[in-house]
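Welcome! Here is a short briefing to read alongside the structure.

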Amino acid sequence: NIMEKLSGLNCDEQATILMVTHDSNAASFCKRILFIQDGVIFHELRRGDESQQEELIINAVFVFQRFFC
């Protein structure tokens, strides 16, 4: 699929991919997610090592609830 191809370009060719989306599934492929509201970045998530995965999930749920509900 397209997300796997973009991920491959990023990993294999060191290409920077800038994607704007409201799709949380598409965003889940990203190493860095910026949340923008009214033209201002109000939160940032970065994919880190496995020890940070639980914190990343908790933060993502909080931000998605705030932003989309």
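In what follows, buried means under 20% relative accessible area, exposed means over 50%, and partly exposed lies in between (1.4 Å probe, protein chains only). This is a predicted model, where local features need pLDDT of at least 70, side-chain atom pairs count only at pLDDT 80 or more, and totals for chains, interfaces and linings use all residues. Residues are numbered from 1 along each chain as its sequence is written, and side-chain values use heavy atoms, leaving out hydrogens and water.

**Salt bridges**

- The whole structure holds two salt bridges, each a side-chain nitrogen of Lys or Arg within 4 Å of a carboxyl oxygen of Asp or Glu.
- Arg32 meets Glu44 at 2.7 Å, N to O.
- This pair links distant parts of the chain, twelve residues apart: Arg32 sits in strand E1 (residues 32-37) and Glu44 in strand E2; strands are DSSP runs of at least two residues, numbered from the N terminus.
- Arg46 also meets Glu44, at 2.8 Å, N to O.
- Shared partners join Arg32, Glu44 and Arg46 into one network.
- Glu44 is partly exposed at 33% relative accessibility, Arg32 is partly exposed at 44%, and Arg46 is exposed at 53%.

**Aromatic pair**

- There is one aromatic pair, meaning ring centres of Phe, Tyr or Trp (its six-membered ring) within 6.5 Å, with planes under 30 degrees apart called stacked, over 60 edge-to-face and the rest tilted.
- Phe35 and Phe42 form this tilted pair, 6.1 Å centre to centre with 50° between the planes.
- Phe35 is buried at 6% relative accessible area, while Phe42 is partly exposed at 21%.

Conventions:
Helices (H or I, at least four residues) and strands (E, at least two) are DSSP runs, numbered from the N terminus.
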